[in-house]
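Work through the exercises below with the model open. Try each task before reading its solution.

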Amino acid sequence: MSILSGKNILLGISGGIAAYKTASLVRLFVKSGAHVKVVMTPSSKEFITPLTLSTLSKNPVYSSFTNEDDENSVWNNHVELGLWADLFVVAPATANTLAKMANGVCDNLLMATYLSAKCPVYFAPAMDLDMYKHPSTVRSFKVLASYGNIMIPATSGELASGLVGEGRMAEPEDIVSFIEDDILDKLPMRGKKVLITAGPTYEAIDPVRFIGNHSSGKMGFEIAKAAARLGAEVILVAGPTHEKVKHSNIKVIPVVSNKEMYDAVHAHFKVMDVAILSAAVADYRPKEVAKEKIKKKSDTLVLELEKTKDILASLGSIKEHQFLVGFALETNNELENAKDKLKRKNLNLIVLNSLNDKGAGFKSETNKVTFIDDKEHITEHQLKTKIQVAEDLMNKILKQINA
Ligand code: CTP
């Protein structure tokens, strides 16, 4: 999934021959899952029709303050357009439009929208090579950089004038990857590796039966998605669950038993930056696993259980630079038990949820949690969706690792 998916992209087109390429650009943005609106300068309509762009973007195209074809003259609200945008991309950006952007000249709808937009602005210059090198254009680039606007540099090649040199607008595919990479590079967990456990474990009794629990895995999967949204590379070790996730930054390792989860976690922990163990791991398993299905011969059946390995505690005992997070599901004396677990398992943070809170627990869509860090700072949260809890948790971890 592209990082542009779900984003509102406002494409500003100014009047240069490269405007013909914006048809492909709009298609690529739409294909990446973005919502696209187009605002054009009057002269850009000489190079590509609003109808083409409207058809491809599936939205009306704006080029003047009022809709001149409409006898009621509806006002096109540049402030609303500017605020709607998550990203404003000016492509092609002519020398004229760049100079206006640098100086705040507001003589068309594109410029009024540019001045109203609060979102990141990208611009892809397109002009002849001498215009591209002119001190006035170079000055525009510098001024726009000082505003925080981001330049997608022109490339070298044959220009419409027949001359060969720098000034050709970046190709639509390159504009899209430039913007995707720029957004990804700025994500706060970019380059960080996060290990997460989720779901229950099943401990075999015989070939058809097991000891398990009601964990749905939802909390762990939401944490994985929240971490990936922040740019982290995630390894998600998941016990048996119906939850699914498809994200290029999330690698799912399916496991069944405590032993499999332990092995998978230990195979990856060394190179991780953060480990969040939200799985509801079985604490005991049958000492002997029957090779054949156990027959109901007698009225009672005694299973001898042995302790499983505590995965979280085992990580706590070997951790070096890693930020280690555990969960605690408690029924009584909650805060004290959670604090004790934090110390005993050598954690940086523990997420406490109490079975006494309505809406918290295994199968629900919601959770009510309290964070306790290793300085015993306690943050209590209201009942929230597991998606929000996952975001709160990732924000808390970010704050702690950057502190
Ligand atoms: N956990 C684990 N491996 C286990 C058991 C638990 O990694 N075998 C992790 C869970 O993923 C969770 C935390 O430990 O992060 C929860 O611990 P919990 O089972 O509640 O705590 P215990 O220390 O086993 O204490 P008790 O069961 O007595 O409350």
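**Exercise 1: a charged pair in a helix**

Lys218 and Glu222 form a salt bridge, with 3.3 Å between the closest N and O atoms. A salt bridge here is a side-chain nitrogen of Lys or Arg within 4 Å of a carboxyl oxygen of Asp or Glu. The model is predicted: local features need pLDDT of at least 70, side-chain atom pairs count only at pLDDT 80 or more, and totals for chains, interfaces and linings use all residues. Residues are numbered from 1 along each chain as its sequence is written, and side-chain values use heavy atoms, with hydrogens and water left out.

Task: How far apart in helix α9 are Lys218 and Glu222? Are they buried or exposed?

Solution. 
- Step 1. The two are 4 residues apart in helix α9, so about one helical turn separates them. Helices (H or I, at least four residues) and strands (E, at least two) are DSSP runs, numbered from the N terminus.
- Step 2. Lys218 is buried, at 12% relative accessibility. Glu222 is buried too, at 4%. Buried means under 20% relative accessible area, exposed over 50%, partly exposed in between (1.4 Å probe, protein chains only).
- Step 3. Widen the view. Lys218, Glu222, Lys225 and Glu365 are linked in a network of salt bridges. The structure holds 21 salt bridges.

**Exercise 2: pairs across elements**

Task: Which elements hold Arg285 and Glu306? Which hold Glu330 and Lys341?

Solution. 
- Step 1. Arg285 and Glu306 meet in a salt bridge, 3.0 Å from N to O. Arg285 lies in strand β15 and Glu306 in strand β16 (residues 305-307), so the pair ties together parts 21 residues apart in sequence.
- Step 2. Arg285 is partly exposed at 23%. Glu306 is partly exposed at 26%.
- Step 3. Glu330 forms a salt bridge with Lys341, with the closest N and O atoms 2.7 Å apart. This pair links strand β17, which holds Glu330, to helix α12, which holds Lys341, 11 residues apart.
- Step 4. Glu330 is buried at 8%. Lys341 is buried at 19%.

**Exercise 3: the largest nonpolar core**

Task: How many residues does the largest nonpolar core have? Which element gives the most to this core?

Solution. 
- Step 1. The core has 32 residues. A nonpolar core is a set of buried Ala, Val, Leu, Ile, Met, Phe, Trp, Tyr and Cys residues joined through side-chain atoms within 4.5 Å.
- Step 2. Ile223, Val234, Ile276, Leu393, Met394 and Ile397 have the most contacts inside this core.
- Step 3. Elements that each supply at least two residues include β9 (193-198), β14 (274-277) and α13 (386-402). Helix α9 gives the most, with 7 residues.
- Step 4. Take Ile276. Beyond residues up to four places away in sequence, Ile276 touches, among them, Val194, Ile223, Phe327 and Leu393. Contact means heavy atoms within 4.5 Å.
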